[in-house]
Amino acid sequence: MSAGELWRRLQYLTHRSRFDRELREEMAAHQAMKLEDEPSFGNERRLREDSHDVWGWSWLDRLLQDLTFAQRLLRRSPVFTITAIAVLAIGLGVSLAGIQILDAAAFKPLPVKEPDTLVRFTRRGLRGSSTSFSYAALTYYAEHNTVLAAAMGIMAGDVTLGDDPTRHETVQFVTSNYLEEIGATARLGRILDSAQDDAADAEPAIVLSSRVWRDRFGADPAIVGRTVRVNDHLFVVVGVTAETLVGISEYPAGAWMPISRQTVAFPGSKALTDEAKSPIAFFARLKPGVSENSAEDALRVTAASLRAAHPDAAVEGEWLDAGPAGYYLPLNSKTAAGIAVVATFFLLFLMATCANLGTLMLSRAVTREREMAIRVAVGATSRRILRQLLTESCVLGALGAAAGMWVSVLIGRLLLRAVDAPAFLEPRLDARVLSATVGLTALATIAFGLAPALHVVRPRRARPRSSNVFV
């Protein structure tokens, strides 16, 4: 496109009315000068559109015309429009809610400190595998390695907490560096600290979650420093965690206590002394620049020396498998298959919605055949009609997508609350959601809009084929 042509097209955008007026005057002048025996101009509207192609941005003009006509047509059929938008909003809403939950669970890191460096170890051996370790193995791996910046152990327990012996709570006995390593902050007081809470003369400490502090202790602002009963044994409350705390263990916790004080809550327990018992989940933070594979290789040597030093704490041929711990649902061979099945279900649900909506539009298209015949009679091409019908589908799709985004948030929150899932999994409208919405809307628009449009353009050939496809 030359500079002169570009300038003329830009002028047409800003002085469109003047160009149209001059075109009408010129055509009227030629019509007046035409002799009676000369052939007619032909289709005057077609000639005007051809002139617009030379002068300006004809595709923009036609798009604006199509959009204007589409919104006018949809407004004239409120029952059809509301029904179609509702059907599409539910289909898109359910699909988006499922995709958002899967995205948050498997692809978005947990809201913890440096999630990509967190790993969870699994014991592998000649006789199988296990995600549980003995306390002797945990401390040995923590003290005899060169690849871990921090080693963390978690052991869940069911205790009575407070003065009511009938009310139980799941707590976590953790290495005292655990809360600090995941980036936990205190709402009141402090979190666990190795130097203070693992000392031999230290009082048994407990950190309460915001939920337990609120539900069990009435959100008492003076709770820090008080003693509470844990299985009829006294622990000092040193802090209350922030409301937004998210852990990396699959077990939800109402409180955290140093793992070294497990025998205070459970007198006579051998969970920490019996090397054959394996009640502890082993998490770690890798040192900068250390990959999961290199950590596994380095810890093979440590596993061999553990077997020699503590025969009951390691199985024959033991080695450690490191998996990501900074995600709610780590991707592996087991979870990937489940994610694929769930994602397929949501996409099939969307396709079923599109089929229903396509059938609705196909029925409506039959009633418009007379309208389309008139359009063809006045000079409209099949391509022009097809573009108009697809524009109507796009407008319908955009309205359905806008409603579907909000429906997805509502459905997602209802689903997660029904299964008591963590709050951070709740769907939120962000850039990733908008991108998914655009993609699904484009897919849905093509799915429910193309076949009815082809039916109108080529009714005899498309009618049985369209119906069969949607059925």
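**Helix crossing and buried residues in a predicted model**

Colleague: Which hand does the crossing of α5 and α14 have, and how many residues of their contact are nonpolar?

Modeller: The crossing of α5 and α14 is right-handed. The residues of the contact between α5 and α14 include no charged ones and eight polar ones, while the nonpolar ones number 18.

Colleague: Is Phe121 buried or exposed?

Modeller: Phe121 is found in strand β1, which spans residues 118-125, and, leaving aside residues up to four places away in sequence, it touches Thr131, Phe133, Leu148, Phe282, Ala284, Leu299, Leu320, Asp321 and Ala322. Because the relative accessibility of Phe121 is 0% and the cut-off is under 20%, Phe121 counts as buried.

Colleague: How many Å apart in space are Phe121 and Ala325, C-alpha to C-alpha?

Modeller: In sequence, Phe121 and Ala325 are 204 residues apart. In space, the separation of Phe121 and Ala325, C-alpha to C-alpha, is 9.0 Å.

Colleague: Which elements are included in what covers the buried residues of α6?

Modeller: In helix α6 (residues 135-143), the residues Ala136, Ala137, Leu138, Tyr140 and Tyr141 are buried. The cover over the buried residues of α6 includes β3 (132-133), β4 (148-160), β11 (280-286), α11 (292-309) and β12 (319-324).

How values were computed. Residues numbered from 1 in each chain as written. Predicted model: local features only at pLDDT ≥ 70, side-chain atom pairs only at ≥ 80, totals over all residues. Heavy atoms only, no water. Helix = DSSP H or I, 4+ residues; strand = E, 2+ residues; numbered from the N terminus. Buried < 20%, exposed > 50% of the residue type's maximum accessible area, 1.4 Å probe, protein only. Contact = heavy atoms within 4.5 Å. Left-handed = near helix turned anticlockwise from the far one by under 90°. Nonpolar A, V, L, I, M, F, W, Y, C, P; charged D, E, K, R; others polar.
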